[in-house]
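Please work through the following exercises with the sequence and the model side by side. Each task is followed by a solution in steps.

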Amino acid sequence: QVQLVESGGGLVQAGGSLRLSCAASGSISTIYAMGWYRQAPGKQRELVARINYIRTTNYADSVKGRFTIFRDYAKNTVYLQMNSLKPEDTAVYYCNADATVVGQGRLEVWGQGTLVTVSS
């Protein structure tokens with residue numbers, strides 16, 4: 001079994017910063033990519049940022065230049081540094097991992113979500 005444990009969400013004023021973290025644990029053989037998605041009320045879940053095992057990153061256009069994703073490969077942890085936050089960044093942020101799990105094969109794993117609220 002694999003778990004993704006997120007932390008770092010909260011309430012921040014517009015223009016402020018937050019850092020989200022997500023630690024993967026369990027019977028992981030390989031992590032191909034980790035990323036962050038978000039879902040605002042009444043909207044579909046969308047990709048925010050993703051990083052693969054060769055450190056290639058991709059970002060949603062709405063966060064380019066403001067958010068940075070990076071990984072600690074030794075700790076199976078991914079971070080999302082969010083700067084210049086806007087009210088429209090308010091959402092539940094979900095960590096995601098594309099991984100091979102011992103005895104289960106390749107899976108897509110989700111965290112429980114962490115709420116980010118940006119006040120104007």
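**Exercise 1. State how many bridges join strand 1 to strand 3, and in which sense the two strands run.**

Step 1. Strands are DSSP runs of E with at least two residues, numbered from the N terminus, and two strands pair if DSSP finds at least two bridges between them.

Step 2. Strand 1 and strand 3 (residues 18–26) run antiparallel and are joined by six bridges. Within this pair, V2 stands opposite G26 of strand 3.

Step 3. The model is predicted: local features need pLDDT of at least 70 and side-chain atom pairs count only at pLDDT 80 or more, while totals for chains, interfaces and linings use all residues. Residues are numbered from 1 along each chain as its sequence is written, and side-chain values use heavy atoms, with hydrogens and water left out.

**Exercise 2. Assign the side chains of strand 1 to its covered and uncovered faces.**

Step 1. In a regular strand the side chains alternate between the two faces of the sheet.

Step 2. Strand 1 spans residues 2–7; V2, L4 and E6 belong to the covered face, and Q3, V5 and S7 to the uncovered one.

**Exercise 3. Identify the strands that pair with strand 4 in the antiparallel sense over ten bridges and over six bridges.**

Step 1. Strand 4 (residues 28–39) pairs over ten bridges with strand 9 (residues 91–101), in the antiparallel sense. Here W36 faces C95 of strand 9 as its opposite residue.

Step 2. Strand 5 (residues 46–52) pairs with strand 4 over six bridges, again antiparallel. In this pairing Y37 stands opposite L47 of strand 5.

Step 3. The hairpin of strand 4 and strand 5 has six residues between the strands, and G42 takes a positive phi near 75 degrees there.

**Exercise 4. Describe the chain as a whole: which elements does it contain, and what is its radius of gyration?**

Step 1. The chain has eleven strands and zero helices, a helix being a DSSP run of H or I with at least four residues.

Step 2. The radius of gyration is taken over C-alpha atoms, and the globule rule is 2.2 Å times the number of residues to the power 0.38. For 120 residues a compact globule would have a value near 14 Å, and the chain agrees because its own value is 14 Å.

Step 3. Along the principal axes, the C-alpha atoms fill a box of roughly 45 × 25 × 20 Å.

Step 4. Of the 120 residues, 44% count as buried, that is, under 20% relative accessible area with a 1.4 Å probe, protein chains only.

Definitions and conventions
Buried means under 20% relative accessible area, exposed over 50%, partly exposed in between (1.4 Å probe, protein chains only).
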